[in-house]
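Colleague: I have the sequence and the model open. Can we go through them together?

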Amino acid sequence: MIYGLDVLALPLEEAAKRLESAGMQFTVQVLLPPKCSKENFVGKNVRKYVVRQQMLPDNKMSLTVVYR
């Protein structure tokens, strides 16, 4: 991981900007409440926040986000 590149608790949009600026590739995994799907949130004002970041072996980062 790039030293000091911490995007925890940031909105996904801001985290993505920082990672892209640093040249870091990343994937996003959404963590939803049980019995919910992304379709439950369509048309709603949803904020996405990073709750976990993990460095992957191929020098990519995996972000887990939640909806609020």
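The questions below run from the overall fold to single residues.

Modeller: Some ground rules come first. This is a predicted model, where local features need pLDDT of at least 70 and side-chain atom pairs count only at pLDDT 80 or more, while totals for chains, interfaces and linings use all residues. Residues are numbered from 1 along each chain as its sequence is written, and side-chain values use heavy atoms, with hydrogens and water left out.

Colleague: What pattern does the protein follow along the sequence?

Modeller: Helices (H or I, at least four residues) and strands (E, at least two) are DSSP runs, numbered from the N terminus. The protein has 1 helix and 3 strands. Read along the sequence, the pattern is α-β-β-β.

Colleague: What percentage of the 68 residues is buried?

Modeller: Buried means under 20% relative accessible area, exposed means over 50%, and partly exposed lies in between (1.4 Å probe, protein chains only). The C-alpha atoms fill a box of roughly 35 × 20 × 15 Å along the principal axes. Of the 68 residues, the buried share is 25%.

Colleague: What share of the contacts between residues at least 6 apart joins residues at least 24 apart?

Modeller: A contact means heavy atoms within 4.5 Å. Take the contacts between residues at least 6 apart in sequence; the share joining residues at least 24 apart is 53%.

Colleague: Which backbone nitrogen lies 2.8 Å from the side chain of glutamine 53?

Modeller: Glutamine 53 sits in strand β2. It counts as buried because its relative accessibility is 17%. A polar contact is a pair of N or O atoms within 3.5 Å; within protein, one must be able to donate a hydrogen and the other to accept it, and residues adjacent in sequence count only if both atoms are side-chain atoms. The glutamine 53 side chain reaches the backbone nitrogen of leucine 8 at 3.5 Å, and the one at 2.8 Å belongs to valine 7.

Colleague: How is the aromatic pair of phenylalanine 41 and tyrosine 67 arranged?

Modeller: Rings of Phe, Tyr and Trp (its six-membered ring) pair if their centres lie within 6.5 Å; planes under 30 degrees apart count as stacked, over 60 as edge-to-face and the rest as tilted. A search of the whole structure finds 1 aromatic pair. In it, phenylalanine 41 and tyrosine 67 are 4.9 Å apart centre to centre, with 90 degrees between the planes, so the arrangement is edge-to-face.

Colleague: Is tyrosine 67 buried or exposed?

Modeller: The pair links distant parts of the chain: phenylalanine 41 is in the loop between β1 and β2, and tyrosine 67 is in strand β3, 26 residues apart. Phenylalanine 41 is partly exposed, at 21% relative accessible area. Tyrosine 67 has 16% relative accessibility, so it counts as buried.

Colleague: Which residue lies over the face of tyrosine 49?

Modeller: A charge sits over a ring if NZ of Lys or CZ of Arg is within 6 Å of the ring centre and within 35 degrees of the ring normal. Here the distance from the ring centre is 5.7 Å, and the residue is arginine 68.

Colleague: How far apart are the C-alpha atoms of glutamate 13 and tyrosine 49?

Modeller: Glutamate 13 is in helix α1 (residues 12-21). At 62% relative accessibility, glutamate 13 is exposed. Tyrosine 49 is 36 residues away along the chain, and the C-alpha separation is 8.6 Å.

Colleague: What is the phi of lysine 35?

Modeller: Lysine 35 is in the loop between β1 (25-31) and β2 (48-55). With 87% relative accessibility, lysine 35 is exposed. Although lysine 35 is not a glycine, its phi is positive, at about 65 degrees.
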